[in-house]
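Good morning, and thank you for coming.

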Amino acid sequence: IEHVPRILGMRQNQVMMEEEYPQEMSNTFKSLERNFNPWGIGFDQRGEWSEGLDLPLMADSNASEIDVLMWVGCAGSFDSRNQKIARATATLYKKAGVKFAILGSEEKCTGDLARRSGNEMLFQMLAGENVETLNNYNIKKIVTTCPHCLNSIKNEYPQLGGEYEVFHHTQFINKLVEEGRLPLGSNLKDTVTFHDSCYLGRYNKEYKAPRNLLKKSTKEPFKEMKHFGKESFCCGAGGARMWMEEKIGTRINEVRAQEAIDT
């Protein structure tokens, strides 16, 4: 039984018809409306994570010379830990000689959390503006580190006229390694496991690429958690839960973190 669409339908009714939703979502919705990210940080700062990397902006580039757009996402743009991932990923693309660019302040939240929390109108606004921007640049290929951005752009933007070839960064980097464009050394000394994000695994059926990279990068045997692959366990942040408090039972993220510790 595919229960998620039914839950989203009920949430849409609560948000748009009944105007009833968790109090903490009020600020999140306002931040998405005003600054196009859930933290409400000024949208003009969206490209500041790339300072010193000398990354080309789509606005300053000849679109025909760009092979792929690097979609950074809100977390990669504004969260200090995810900024490190964005910087490392961009550095790998440069080392591999990939011709890529970023949108900078022209990029907006994909609207995933708006749709998942029932605010369909806000999703349509954000997604529509992103599709217009992408189509204006005639972008065909997109690579992103965020599974939620991947799912929205790949599976939902076609509803709004946005048809693109979309890759997760593990898929893209794995391809670069297989083509010999990016040498990979087994220098990780710790025990390594991998969390299958719901929107990378279950919804987009990608389980191999991240594991291929990890197995080539570590000296110790790769270990799986109790729940992995198509039987993986949610991290507790998707479906807009990252922006809402959990008031019933055990926090899902703590259960998943404990599985990782036990592994």
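Does E179 count as buried, partly exposed or exposed? At 41% relative accessibility, E179 counts as partly exposed; here buried means under 20% relative accessible area, exposed means over 50%, and partly exposed lies in between, with a 1.4 Å probe and protein chains only.

Some remarks on the basis of these values. This is a predicted model, in which local features need pLDDT of at least 70 and side-chain atom pairs count only at pLDDT 80 or more, while totals for chains, interfaces and linings use all residues. Residues are numbered from 1 along each chain as its sequence is written, and side-chain values use heavy atoms, with hydrogens and water left out.

Let me stay with E179. Its salt-bridge partner is K175, and the closest N and O atoms are 2.9 Å apart. A salt bridge here is a side-chain nitrogen of Lys or Arg within 4 Å of a carboxyl oxygen of Asp or Glu. K175 is partly exposed as well, with a relative accessible area of 44%. By this rule, the structure has 14 salt bridges.

Another of them joins K108 to E129, with 3.6 Å between the closest N and O atoms. K108 lies in the loop between β2 (100-101) and α5 (112-116), whereas E129 belongs to helix α6 (residues 120-136), so the pair ties together parts that are 21 residues apart in sequence. Helices (H or I, at least four residues) and strands (E, at least two) are DSSP runs, numbered from the N terminus. K108 is buried at 14% relative accessibility, and E129 is partly exposed at 28%.

A further pair is R256 and E259, whose side chains meet at 2.7 Å, N to O. These residues stand 3 apart in helix α10 (residues 252-262), which means that about one helical turn separates them. Both R256 and E259 are buried. There is also a network, in which salt bridges that share partners join D112, R115, R116, E120 and E156.

Finally, the cysteines. How many disulfides does the structure hold? The count is 0, a disulfide being a pair of cysteine sulfur atoms within 2.5 Å. For C109, the closest cysteine sulfur is that of C74, at 3.9 Å, too far for a bond. C198 is in no disulfide either, and its nearest cysteine sulfur, in C234, is 4.2 Å away. C109 is buried at 6% relative accessibility, and C198 is buried at 18%.
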